[in-house]
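Reader: I am new to this structure. Please show it to me, and then let me ask about its parts one by one.

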Amino acid sequence: MCLQDKKIRACIFDMDGVLVNTEKYHFMAWQRLTETLGFTIDEKFNENLKGVSRSVCVDLILKHGGLTKTQEEKNALAAQKNEWFLEFVKTEVTPANVYPGVLDFLHSLKSKGYKTAVGSASKNTMLLLNKLEIIQYFDAIVDGNMIEKAKPNPEVFLKGAELLNVRPCECVVFEDAYSGVEAAKNGGMYCIGVGSPEVLSKADFCIRTFMEMNVERLKEL
Ligand code: B16
Ligand code: MG
């Protein structure tokens with residue numbers, strides 16, 4: 001508990017769907033995969049896949065389609081989806097894919113002495129941050145290769161706080177996924193949802209884009 005000192009010292013950013021619009025490429029790759037399996041997924045079902053590790057996504061998708069596969073088959077499906085996702089990344093993703101307002105907010109955080117980290121379930125985090133040319137804005141990066149427990153477990157964000165040397169209650173997490181908001185709250189952190197308040201109902205408050213965000217608003221928490 002941070003009863004005496006409520007000051008926010010650090011911001012931890014989810015990546016896909018918060019810093020960059022790559023969620024749509026994950027969705028398109030999963031759709032392509034489910035079509036090869038004989039069924040389709042829609043945007044509503046896709047909400048369940050956001051923020052969740054690749055292998056858990058395969059399990060959710062197979063359950064949704066009423067299919068059972070061996071572990072070897074599941075690994076092959078995950079690899080195929082990732083291959084298609086990386087094709088999109090290679091051809092579509094440039095620094096212009098960083099969401100509006102993100103760079104200005106990161107600049108102002110750095111100039112005011114806030115610590116910053118990325119906390120993402122993605123194993124492609126380093127590749128994407130390099131391609132987006134934003135890696136230099138972060139003091140720590142925790143990705144899907146460094147954690148064992150998927151969101152809503154708070155491991156990814158707690159590790160971020162540890163690397164930044166701050167307490168969980170001194171952190172604000174920015175998240176676009178229901179499971180990610182739960183992870184932040186389970187870790188004892190503030191959480192600002194990026195997206196619809198109906199979906200991200202457990203967030204402390206929501207913004208639609210980072211154009212609405214500034215350092216002053218962190219002081220409201
Ligand atoms: P990968 P985030 C998550 O990233 C995505 O929301 C989710 O759609 C994806 O399945 C997961 O990463 C794993 O990604 O297959 O690249 O390892 O939102 O936590 O930044
Ligand atoms: Mg996300």
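Author: A definition comes first. A cavity is a set of grid points where a 1.4 Å probe fits but cannot get out. Keep in mind that this is a predicted model.

Reader: How many cavities of 30 Å³ or more does a search of the whole structure find?
Author: Rolling a probe the size of a water molecule over the atoms shows where empty space is left. The search covers the whole structure and counts cavities of 30 Å³ or more. The number found is one.

Reader: Which residues are the closest to the centre of the largest cavity?
Author: The largest cavity has a volume of about 230 Å³. Its lining holds 21 residues. The closest to the centre are Asp 16, His 26, Val 52, Lys 81 and Ser 122.

Reader: Which helix gives the most to the lining of the largest cavity?
Author: At least two lining residues come from each of H1, helix H3 (54-65) and helix H4 (71-92). By type, the lining divides into five nonpolar, eight polar and eight charged residues. With three residues, the helix that gives the most is H1.

Reader: What about the largest pocket: where does the largest share of its lining come from?
Author: This pocket has a volume of about 390 Å³. Of its 22 lining residues, the closest to the centre are Gly 17, Glu 23, Lys 50, Tyr 99 and Asp 176. The elements that give two or more residues are H1 and helix H2 (43-46). The largest share is three residues, and it comes from H1.

Reader: How do the residues of that pocket lining divide?
Author: The residues fall into nonpolar, polar and charged groups. Seven are polar and seven are charged. The nonpolar ones number eight.

Reader: Is Asp 14 buried or exposed, and what is its relative accessibility?
Author: Buried means under 20% relative accessible area. Asp 176 counts as buried at 7%. Asp 14 also counts as buried, and its relative accessibility is 4%.

Reader: Now helix H5 (residues 102-111): how wide an arc do its buried residues cover around the axis?
Author: An α-helix has 3.6 residues a turn, so residues three or four places apart point the same way. In H5, the buried residues are Val 102, Phe 105, Leu 106 and Leu 109. They sit on the same side of H5, because the arc they cover is only 100°.

Reader: Which exposed residues does the other face of H5 carry?
Author: The buried residues of H5 are covered by elements including strand E1 (10-13), strand E2 (115-119), strand E4 (171-175) and helix H9 (215-218). The face turned away from the buried side carries exposed residues. They are Asp 104 and Ser 111.

Reader: Which elements do the buried residues of H7 pack against?
Author: The buried residues are Glu 155, Val 156, Phe 157, Gly 160, Ala 161 and Leu 164. Just after H7, Asn 165 takes a positive phi of about 60°. The buried residues pack against E1, E2, E3, E4 and H8.

Reader: Where is Glu 133 found?
Author: Most residues other than glycine have a negative phi, and most peptide bonds are trans. Phi of Glu 133 is positive, near 60°. Glu 133 counts as exposed, at 54% relative accessibility. Its place is the loop between helix H6 (125-132) and E3.

Reader: What is omega near for the peptide bond from Lys 151 to Pro 152?
Author: Pro 152 is found in the loop between strand E3 (140-142) and helix H7 (155-164). The bond from Lys 151 to Pro 152 is cis. Its omega is near 20°.

Technical notes: Residues numbered from 1 in each chain as written. Chains lettered and ligands numbered in written order. Predicted model: local features only at pLDDT ≥ 70, side-chain atom pairs only at ≥ 80, totals over all residues. Heavy atoms only, no water. Buried < 20%, exposed > 50% of the residue type's maximum accessible area, 1.4 Å probe, protein only. Helix = DSSP H or I, 4+ residues; strand = E, 2+ residues; numbered from the N terminus. Arc of directions from axis to C-beta. Contact = heavy atoms within 4.5 Å. 1 Å grid on protein atoms, 1.4 Å probe; cavity = no way out; pocket = protein on both sides within 12 Å on 5 of 7 lines; lining within 4 Å. Points joined across faces, edges and corners; volume = space filled by probe spheres on them. Nonpolar A, V, L, I, M, F, W, Y, C, P; charged D, E, K, R; others polar.
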